[in-house]
Amino acid sequence: MSNLQTAMTRRFRRQLPLALAKHGLLIAITLIVLVPLATLLFAAFKTTPEITSGKPLALPSSFYLDNLISSFHKANVLLAVKNTSIIGAVSVFANMIIGSMLAYIIARFEFRFKRIVLALFVFGIIVPFYTTEIARFGLIKDLGIYNSLLAPILIYTGADMVQIFIYKQFMDKIPVELDEAAMMEGASYFTIYWKIIFPLVLPASATLAIIKFVDIANDMYIPYLYIPSEQFRTLSTALMLFYGDRTLNWAGMSAGIIWIMLPTLVVYFILQRYIFAGLVAGAVKE
Amino acid sequence: MSYNMQRKLIIVSFLLIPIVLLLMLLVYPTLKLLQMSFTDWDGLTSGFQYIGFDNYKELLQSEEVWVSLKNNATYFIIHLAFIPLEIVVASVLVSKLRAAKFYKVIVFMPYIINGVAVAYMFAFFFSPDGSMNQVLHLFGLDRLSQSWLSDTHVVNFTLVFISLWKYSGLHIILFIAAMQSIPADYYEAATIDGASRFQQLRHITVPGIKTVIELILFLNVRGALQVFDIPFLVTNGGPGYDSSTFMVYTIKTAFQYNHFGLAAAMAVTLMILIGIVSFVQSKLITIKG
């Protein structure tokens with residue numbers, strides 16, 4: 001055996017325990033994440049007697065689809081997906097527009113009261129969101145938008161401005177010479193924002209948008225409080241209505257849970273590359 | 001139009017909508033909350049009386065409030081204790097490792113899944129018919145079997161586990177994102193100088209991700225004091241108040257017992273608590289480079 005080979009074997013032997021420990025840790029975590037999901041999936045394909053037989057970890061004995069089919073209709077999954085998509089898409093889009101407009105002003109202009117404006121938005125980040133609901137509830141009623149999709153859209157759009165600081169970071173990296181060149185050509189400030197700044201921050205904001213969309217799709221509190229009507233059920237509240245039906249057994253319930261998990265999981269698997277890229281971009285701002 | 005005119009116009013018009021929304025949706029409710037906390041408003045009728053600090057006195061004397069706060073403290077401490085492990089997992093995932101991408105997708109998955117679905121899934125998992133006791137049986141640990149959601153001494157820890165399951169992945173991913181911005185030559189230089197892996201973690205990685213650690217410490221205070229979804233959905237705070245949290249009790253006080261004045265006082269107290277705990281924490285935990 002040549003010297004190089006011996007050196008490599010020795011190195012391999014030294015690193016083997018560490019590699020085993022690393023994989024051991026990660027496999028344990030993977031099991032903790034997947035076991036509850038797997039038993040849920042098994043239960044969705046089981047009959048009620050099978051579920052109460054005391055072997056939750058056993059595979060279903062047959063490919064029983066009744067739970068999945070009936071719960072799909074009972075939870076009205078399609079309506080929930082529709083409402084969630086509308087609320088999520090409109091809020092994310094509106095939030096992106098006003099967030100980037102605000103960030104453009106803060107990044108590119110000096111003006112009186114700028115410090116006050118900034119302090120206001122820092123305050124907005126510090127206020128805990130659930131608690132304000134007690135006082136906001138009356139306001140939403142007074143505005144006449146209680147029990148309409150506008151209520152969650154307004155709250156998700158206007159009450160969460162964390163991302164303006166990230167937008168500002170992105171804009172700071174865009175050279176001011178670009179703006180100046182456009183001004184030489186006679187472009188207005190609005191044209192500069194709309195034709196230069198916004199398109200340049202768009203790729204970065206796409207990832208922020210995905211994460212915000214997932215947060216909105218997973219929120220239960222705002223829709224539960226402001227749009228209780230069944231026609232406005234979202235993914236979260238559809239499942240809560242479904243759970244409230246006491247005639248339900250765990251077989252049907254498991255199937256309902258699977259249906260509600262599915263849409264965001266599908267989005268996650270399709271877009272995970274962008275989500276991770278966005279988180280990296282978000283961390284660079286630190 | 002001159003650039004000076006344009007400048008004024010664009011500043012005013014671009015700031016108008018976000019500032020109006022912020023004043024309306026955040027500043028006004030916060031001030032209103034403060035005002036309501038000194039009244040006996042029931043949330044239904046239009047009339048109310050100012051009663052001074054009575055609501056604050058009542059909440060300090062309420063046993064349910066203290067039980068709930070103790071449960072919040074459990075979330076806070078256990079999540080805090082897991083942060084070092086989360087840093088270790090993140091550092092393993094950024095090192096060159098087979099299947100690292102697969103593990104990253106798995107680790108972050110619980111955060112993506114709908115929170116209501118997660119809560120009910122665990123209500124099933126920890127139910128008497130569920131899998132938890134079966135898992136223990138597989139490992140020959142039958143004596144650890146519990147009534148996970150109905151035993152007064154166990155239930156809150158069960159809920160904290162669900163919270164860890166859902167949120168640890170977010171922490172790990174944020175740590176990974178921060179670690180990726182540490183230049184690789186720091187580690188190369190340290191290796192040449194003979195620094196062990198633990199020393200590298202302690203003296204390069206941890207100081208290198210200082211801001212993200214501070215961010216997560218703050219988010220942990222805010223998150224732990226505001227825990228709502230999981231207890232509300234899984235146990236509704238029960239049995240009794242054994243798994244109630246400050247937020248669950250506040251919302252019940254407002255919307256179930258129609259005692260908006262007291263609930264507002266609780267909300268104001270919560271904001272103050274978040275401020276105090278984050279401040280004390282930032283003084284106690286300092287990360288040295």
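This is a predicted model: local features need pLDDT of at least 70, side-chain atom pairs count only at pLDDT 80 or more; totals for chains, interfaces and linings use all residues.
**Entry: overall form of chain A**

I then checked how spread out the chain is, and found a radius of gyration of 25 Å for chain A, well over the 19 Å that the globule rule gives for 286 residues, so chain A is more spread out than a compact globule. Taken along the principal axes, the box filled by the C-alpha atoms of chain A is roughly 80 × 75 × 35 Å. I counted burial as well, and 38% of the 286 residues of chain A count as buried. For contacts in chain A with a separation of 6 or more, I found that 77% join residues 24 or more positions apart.

**Entry: overall form of chain B**

I repeated the look-up for chain B, where the secondary structure comes to 13 helices and 0 strands and the pattern along the sequence is α-α-α-α-α-α-α-α-α-α-α-α-α. Chain B has a radius of gyration of 24 Å, whereas a compact globule of 289 residues would have one near 19 Å. The C-alpha atoms of chain B fill a box of roughly 75 × 75 × 35 Å along the principal axes. Of the 289 residues in chain B, 43% count as buried, and residues 24 or more positions apart make up 71% of the chain B contacts with a separation of 6 or more.

**Entry: where the chains meet**

How many residues of chain A are in contact with chain B? I found 70 residues of chain A in contact with 67 residues of chain B. On the side of chain A that touches chain B, at least two residues each come from α1 (3-44), α4 (77-108), α5 (114-126), α6 (133-142), α7 (150-158), α10 (189-218), α12 (235-244) and α13 (250-284) of chain A. The element that gives the most to this side is α13(A), with 16 residues. Sorted by class, the residues on this side of chain A are 52 nonpolar, 15 polar and 3 charged.

I also looked at α7(A) on its own, and this helix is mostly covered, with 8 of its 9 residues buried. The buried residues of α7(A) are A:A151, A:P152, A:I153, A:L154, A:I155, A:Y156, A:T157 and A:G158.

**Entry: domains of chain A**

I consulted the domain assignment, which divides chain A into domain 1 (3-64) and domain 2 (68-284). The C-alpha centres of these two domains of chain A lie 35 Å apart, and the contact takes 8 residues from domain 1 and 8 residues from domain 2 of chain A. On the side of domain 1 that touches domain 2, α1 and α2 (48-51) of chain A each supply at least two residues, and α1(A) gives the most, with 4 residues. By class, I found 5 nonpolar, 2 polar and 1 charged residues on that side of domain 1 of chain A.

**Entry: annotated spans**

I checked the UniProt record, an unreviewed entry, which lists "transmembrane region" at residues 20-45, 86-106, 118-139, 145-167, 192-214 and 250-271 of chain A. Residues 20-45 of chain A are 96% helix and 0% strand, with end C-alpha atoms 36 Å apart, while residues 118-139 of chain A are 73% helix and 0% strand, with end C-alpha atoms 24 Å apart.

For chain B, UniProt (unreviewed entry) places the feature "transmembrane region" at residues 9-31, 73-94, 106-126, 154-177 and 260-280. I found residues 9-31 of chain B to be 100% helix and 0% strand, with end C-alpha atoms 30 Å apart, and residues 106-126 of chain B to be 86% helix and 0% strand, with end C-alpha atoms 22 Å apart.

**Entry: backbone details in chain B**

Most residues other than glycine have a negative phi, and most peptide bonds are trans. Against that background I noted B:A99, which is not a glycine but has a positive phi of about 65 degrees, and which lies in the loop between α3 (63-94) and α4 (100-112) of chain B. B:A99 counts as exposed because it has 12 C-beta neighbours inside 10 Å.

I noted B:N236 too, with a positive phi of about 55 degrees although it is not a glycine, in the loop between α11 and α12 of chain B. B:P239 is found in the loop between α11 (229-234) and α12 (246-256) of chain B, and the peptide bond from B:G238 to B:P239 is cis, with omega near -5 degrees.

Conventions
Residues are numbered from 1 along each chain as its sequence is written. Chains are lettered from A and ligands numbered from 1 in the order in which they are written. Two residues are in contact if their C-beta atoms, placed from the backbone, lie within 7 Å. Ala, Val, Leu, Ile, Met, Phe, Trp, Tyr, Cys and Pro count as nonpolar, Asp, Glu, Lys and Arg as charged, and the others, Gly among them, as polar. A residue is buried if 20 or more other C-beta atoms lie within 10 Å of its own, exposed if 12 or fewer, and partly exposed in between; C-beta atoms are placed from the backbone. Domain bounds come from an automatic or database domain assignment. UniProt positions are given in the numbering used here, feature names are shortened, and annotations may be inferred rather than shown by experiment. The radius of gyration is taken over C-alpha atoms; the globule rule is 2.2 Å times the number of residues to the power 0.38.
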